[in-house]
Amino acid sequence: MNLVGFDYINEKDKELTKLFISSKETKKYILGINRLTKSIRKHIEVDGIIDDFTRVQSSRKKKNIVTIEEVPKDAIILCTATGSPLEVIAKLNELGYTHFNYLSFYRYSNLQLNQPPFMDDFEDDFKQNEKEYQKTYDLLADEKSKEVFTKVLNFKMTYDFEFMNGFTNNFDEQYFDSELIPDIKNINFVDGGGYIGDTLKPIMNHFPDFNKIYCIEPNDLHINIAKKNFSEHENIEFINCGLGNKVQNSNDKDESQTNCAHDYQALNINTLDNLIKEKVDFIKMDIEGAEQDAIEGSKETILKYHPILAICIYHKAADWYKVPQMVLDIKKEYTVYIRHYMEGIYETVMYFIPKK
């Protein structure tokens, strides 16, 4: 592993953080309207909030909402936008603005700010389990996986988007990476964390002759939207529950359990082994931190059918080594890859491809 370490400092961003906090002369703007912006404004008075690069705020009555064209070139812009941070960085560079990101501000300011998602548990976990991370790195099957591993971990160490350069928002390939996924005829696909059905179209596009899709989603509103949008497909089965390592319903829910009962809004939880008895060819899991429990609850299915697995590992730091440990303890005959499909911290997927 070629990691820079937790003592890495971006001197430019550290200086901009100091200037943004203390300067009385410099004009200060925040780009983005979200909870991170609100967090900053509790501590610092700014000259305006930039809604985005192109769209005039529909209600100009809102105080201090401006377009990028209204921002003076000698101002400092602190960006809280999370959807396409690298795109925003490139655009601000093109326009000639001095700018930096919320993650740097969070790291260097020492202010009580909202935590960025999926980052703060990493440092302690890595320091306690560095050998386990090394084991994951060593078992990865190709150089691209090792590059992704190194870039994302350096980002989590430093909060610096320099280490994410080269990543793009590539949702079409997510779970279906053309370098890794073979063509499977008449596939039976488990969509764990179906949300509103946003993975269903890509599944059908990649496997047009699919036999069955199981769309598993605990949130009532979300699964009802998915049912409505895909009601014409008889061979999609919608299962309204969360995936875990045991059967659990809303009446006997134990909030201390580390499954998805709280974070994932799952009032009812079941195991994949209980839910599906037919042959399974592919299991995708993006279930808000419940992946380890769901793997445990899929043991019989993995053993019996040896499906492809595409499992998100960005929710918890320990997922980076516990997910491969758990899967390979169930069945060793897998080749392991990592890919990343977003400019920010979200959408890191670990693939387990069955060995022939």
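**View 1. Glu 347 lies in the loop between strand 13 (334-340) and strand 14 (348-354).** Strands here are DSSP runs of E with at least two residues, helices are runs of H or I with at least four, and both are numbered from the N terminus. The model is predicted: local features need pLDDT of at least 70, side-chain atom pairs count only at pLDDT 80 or more, and totals for chains, interfaces and linings use all residues. Residue numbers start from 1 along each chain as its sequence is written, and side-chain values use heavy atoms, leaving out hydrogens and water. Glu 347 is not a glycine, yet its phi is positive, near 70 degrees. The residue counts as buried because its relative accessible area is 12%. The classes are buried under 20%, exposed over 50% and partly exposed in between, with a 1.4 Å probe and protein chains only.

**View 2. Asn 186 also has a positive phi, of about 50 degrees.** Asn 186 is not a glycine either. It is found in the loop between helix 6 and strand 6 (188-192). With 48% relative accessibility, Asn 186 is classed as partly exposed.

**View 3. Phe 118 and Tyr 314 belong to the 26 aromatic pairs of the structure.** Rings of Phe, Tyr and Trp (its six-membered ring) pair if their centres lie within 6.5 Å; planes under 30 degrees apart are stacked, over 60 edge-to-face, the rest tilted. This pair is edge-to-face, with 5.3 Å centre to centre and 75 degrees between the planes. It links distant parts of the chain, 196 residues apart. Phe 118 sits in the loop between helix 4 (102-109) and helix 5 (122-139). Tyr 314 sits in the loop between strand 12 (308-312) and helix 12 (319-330). Phe 118 is partly exposed at 23% relative accessibility, whereas Tyr 314 is buried, with a relative accessible area of 6%.

**View 4. Five rings are linked into a cluster by ring pairs: Phe 6, Phe 122, Phe 126, Tyr 133 and Tyr 321.**

**View 5. Helix 4 is mostly covered.** Seven of its eight residues are buried. They are Tyr 102, Leu 103, Ser 104, Phe 105, Tyr 106, Tyr 108 and Ser 109. These buried residues pack against helix 1 (11-22), helix 2 (35-41) and helix 6 (143-158), and also against strand 4 and strand 5 (98-101). Contact means heavy atoms within 4.5 Å.

**View 6. Glu 69 is found in the loop between strand 3 (65-66) and strand 4 (76-79).** Its relative accessible area is 60%, so Glu 69 counts as exposed. Asn 240 is 171 residues from Glu 69 in sequence. C-alpha to C-alpha, the two are 47 Å apart in space.

**View 7. The whole protein has twelve helices and 14 strands.** The C-alpha atoms fill a box of roughly 65 × 45 × 40 Å along the principal axes. Of the 356 residues, 55% are buried. Among contacts between residues at least 6 apart in sequence, 66% join residues at least 24 apart.
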